Amino acid sequence: MIKNLINIGIPSKGRLRKDILKIFKKNKLHLVSERGERDLLGSIKNLPNVKILYLHAREIVERLGDGSVDLGFSGYDLLKESEVNIQNKINVVKKYGFGRATLVVAIPDPWIDVQTVADLEEIAFEFKDKKKKRLRVATKYPNLTREFLFSKGVTQFKLVSSLGATEAYPFTGSSEIITDITSTGETIRANNLRVLKDGEILKSEACMMTSRLALKNNAFKRIVKLFSK
Amino acid sequence: MKSKNLSEKILRSVKSKGFKYIDLPSVIEANHIVQRSGENFRKFIFSFEDQNGNELCLRPDLTIASCLRYLENNLKSKEKIFYSGQAYRKSNNKKDSIIRDQVGFEIIGSKDEKNDDKEIINTALKSLSNLKYSKGTLKIGNVEIFNLLILKLDIPRRWKLRLSRHFWREEYFNDLLKRLESNSDVDPTIVEVDKKRYLKMLKDNQQTIVAGRSIEEILKRFSNKIKDPRRTSRGKNVSKIIKEFLKINCPINKAAEKLNIFFKKNKINLVVDQKYFPISNNKIQKLNVEFSASFGRQLEYYTGMVFKIDIKSKSKNINVINGGRYDKLISDLGSTKQVPAVGAALNLNY
């Protein structure tokens, strides 16, 4: 019966994919792809009821939310950034120690008068009152950024959505400050930016998640257990 | 929603006070909202894009639609207007309805502020007389008194502005008071490191722009910030005064007296006249009239008098009318001049 098929989502590229594949290896789960490395579909040897989908890490969260993926591997940051409706449909089963990164607020390093979010709050009002503009914040994480800034008193800003190379935005006139995910802070420093003293928004790491829409039958539980080593 | 009959009666009451009925668009540009209230307002608005990619939204309240109308039609004279219709807001509270039926009335562009405040309250009271209720309260506050008090306190200017800006956000405001008490906003070790950098940057071209701010601007603020002289004991005292002020709550006819005692006790050079308040009767219709110093915190855009009417009907407490003065709203939306505005809205969903 096709309904017994369990879909597992794995990131299709990058560091995260590599680390996740190691988990499969460690648990002696042999991944098979009929059409070689670039195949976006696959299976696990000797587990006929499992289908492997290679997806963008953000999409894994979305698919868990709509139930088309039953079990998936992705970043905690991406889960927290997703809409509440999606988050409500996902359980985090396990947090792995790898893929650690922090979402932070970064400002141009020469802004030596700005050390904390409270300073930023003043600057945001200066932009509004004196320059008649909004302080622009470039980010790939609009939801987390908005929540964080607002909770810290920064209400006067405008989000600019970015798909990549966010660190360059303040110096190309596309935004004044940014929020971005970083593991060592190197890229941020290399781009003449500085993280605010209290500018940590969220700590993230790789997670195993399950969809609440997944059929919680014994076959599914067995599969989840296979990753527990 | 209440019966059509009732809303018609209310509209007639407002009209009888000399207000002119206007129609307002249901859809407005989302940019206006973000421009006024910043990014957080996005959480409440229903927005979508038109064929050119402009972001539009359903009006989250009628006041903003009305102020936009005044601004976009380039109106200059005094207007007394009223309107009725639905406003649309998202809410995390399941009990709240997404659609809110409102009747609103406003006086825009008039310099006779004290009388206009009274007129809006009187119109609110007249429309209220159409409703059945056993008792209620009319609560009056004034954000202006708070801002005047802050100006008189012995704290750096940055702190004054900060406290005034966040009066309307109670939780964050309390955080600010805690920080004021502990003096933790300037880190001395970092200041030392940056002082060297400051001296170096003084030699740079002062007009160079770094992400929207000139070097001159950055250095000026840096130097102001490290010069902020503030002792912890002083911060604690100021915080105590503010907290005491916010606790003032009394029948309206005692408002001036209570405030003046408070100012005198704390050696603050301010005096309030009872005429400052739009009402001095403690009882109007079936309402107890009260003054509250902390009232007015719910909405960012109020700049002066604020009021609300809660009534008891069928053993339920219901907030039916909210209003106040918002002199900066139209300029926040893009007017070059400040336009005085005062108004109120009746909530018909309960």
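Guide: Begin with the domains, whose bounds come from an automatic or database domain assignment. In chain A of this predicted model, domain 1 covers 2–99 + 206–226, and domain 2 covers 101–204.

Visitor: How many Å separate the centres of domain 1 of chain A and domain 2 of chain A?

Guide: Taken over C-alpha atoms, the separation is 32 Å.

Visitor: And how many residues of each are in contact?

Guide: Contact here needs C-beta atoms within 7 Å. By that rule, 6 residues of domain 1 of chain A meet 8 residues of domain 2 of chain A. On the domain 1 side, helix H3 (residues 76–81) of chain A gives the most, with 4 residues. By class, that side of domain 1 of chain A has 1 nonpolar, 2 polar and 3 charged residues.

Visitor: What about the contact between the chains?

Guide: The size of an interface is often given as the accessible area lost when the parts come together. Here we count residues instead: 21 of chain A are in contact with 23 of chain B.

Visitor: Which elements of chain A give two or more residues to the side that touches chain B?

Guide: They are helix H5 (117–129), helix H6 (142–151) and strand E9 (157–161) of chain A. The residues on that side of chain A divide into 11 nonpolar, 5 polar and 5 charged.

Key
Residues are numbered from 1 along each chain as its sequence is written. Chains are lettered from A and ligands numbered from 1 in the order in which they are written. This is a predicted model: local features need pLDDT of at least 70, side-chain atom pairs count only at pLDDT 80 or more; totals for chains, interfaces and linings use all residues. Two residues are in contact if their C-beta atoms, placed from the backbone, lie within 7 Å. Ala, Val, Leu, Ile, Met, Phe, Trp, Tyr, Cys and Pro count as nonpolar, Asp, Glu, Lys and Arg as charged, and the others, Gly among them, as polar.
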